[in-house]
Amino acid sequence: MGINMTEIRYASMADKELLLSRDCHIKEDILEKAILNRYVLVMLAGGNLAGWLRWGLFWDEIPFMNMLYFLEEYRGLGFGTQLVGFWENEMLKLSYDKVMTSSQANETAQHFYRKLGYRDAGGFFPFCKDFEILFTKEI
């Protein structure tokens with residue numbers, strides 16, 4: 001199976017340990033809940049984990065992409081665009097018509113989100129860290 005053979009699916013508990021070993025931004029019990037609630041998508045390339053997307057609800061009503069991450073060797077191949085598109089389509093199926101995400105102002109991800117049609121919606125300095133830009137998109 002080559003790298004061009006990709007699969008996007010909801011994460012399962014079988015993915016938990018691998019995700020925990022790569023994602024230092026979430027506690028184990030929170031990840032378990034996210035997996036059970038279908039708030040984590042994984043993308044496989046050639047049968048191997050290429051990246052994942054984790055989301056939640058902003059104000060309990062707007063899907064908010066908390067994490068989009070790809071392992072180094074899978075970056076720049078269009079997989080991020082595919083995974084975000086898949087997620088947006090899943091949100092439409094769940095009757096959501098808006099989505100959100102954010103990026104630190106010093107990260108290149110902000111340009112990626114704008115390219116996908118996300119619009120700047122303000123920002124803030126969380127806990128004395130770098131400026132966080134909020135993005136919104138109507139889907």
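This report walks through the strands, a few individual residues and the pockets of a predicted model.

## Ground rules

Residues are counted from 1 along each chain in the order its sequence is written. Since the model is predicted, local features need pLDDT of at least 70 and side-chain atom pairs count only at pLDDT 80 or more, while totals for chains, interfaces and linings use all residues; side-chain values rest on heavy atoms, with hydrogens and water left out.

## Strands and hairpins

Let's start with the strands. Helices (H or I, at least four residues) and strands (E, at least two) are DSSP runs, numbered from the N terminus. Two strands pair if DSSP finds at least two bridges between them. Strand β2 (residues 40-45) pairs with β3 in the antiparallel sense over 6 bridges, and Ala-45 has Asn-48 in β3 as its bridge partner. These two strands, β2 and β3, form a hairpin with 2 residues between them, and Gly-46 in the turn has a positive phi of about 60°.

On to the next pairing: β3 and β4 are antiparallel over 8 bridges, with Phe-70 in β4 as the bridge partner of Gly-51. Their hairpin has 3 residues between the strands, and there Trp-59 takes a positive phi near 55°. Strand β3 (residues 48-58) is mostly covered, as 8 of its 11 residues are buried. Here buried means under 20% relative accessible area, exposed over 50%, and partly exposed in between (1.4 Å probe, protein chains only).

## Two loop residues

Asp-60 sits in the loop between β3 and β4. Although Asp-60 is not a glycine, its phi is positive, at about 60°. Asp-60 counts as exposed because its relative accessible area is 69%.

Ser-95 is in the loop between α3 and β5. Ser-95 is also a residue other than glycine with a positive phi, near 70°. With a relative accessible area of 66%, Ser-95 is exposed.

## A look at Ser-102

Ser-102 belongs to strand β5. Is Ser-102 buried or exposed? Its relative accessibility is 18%, so Ser-102 counts as buried.

The side chains of Ser-102 and Glu-132 are joined by a polar contact of 2.6 Å. A polar contact is a pair of N or O atoms within 3.5 Å; within protein, one must be able to donate a hydrogen and the other to accept it, and residues adjacent in sequence count only if both atoms are side-chain atoms. Leaving aside neighbours within four places in sequence, Ser-102 is in contact (heavy atoms within 4.5 Å) with residues including Phe-64, Tyr-113 and Leu-134.

## The largest pocket

On a 1 Å grid over the protein atoms alone, a pocket is an open set of points where a 1.4 Å probe fits, with protein on both sides within 12 Å along at least five of seven lines; lining residues have an atom within 4 Å of a point. A volume is the space filled by probe spheres set on the points, with grid points joined across faces, edges and corners. The largest pocket holds about 1,100 Å³ of space.

Its lining has 31 residues, and Met-67, Leu-68, Glu-107, Ala-109 and Tyr-113 lie nearest the centre. β4 (62-70), α3 (79-93), β5 (98-104) and α4 (109-115) each supply at least two lining residues; β4 gives the most, with 6. The lining of the largest pocket divides into 14 nonpolar, 11 polar and 6 charged residues. In this scheme Ala, Val, Leu, Ile, Met, Phe, Trp, Tyr, Cys and Pro count as nonpolar, Asp, Glu, Lys and Arg as charged, and the others, Gly among them, as polar.
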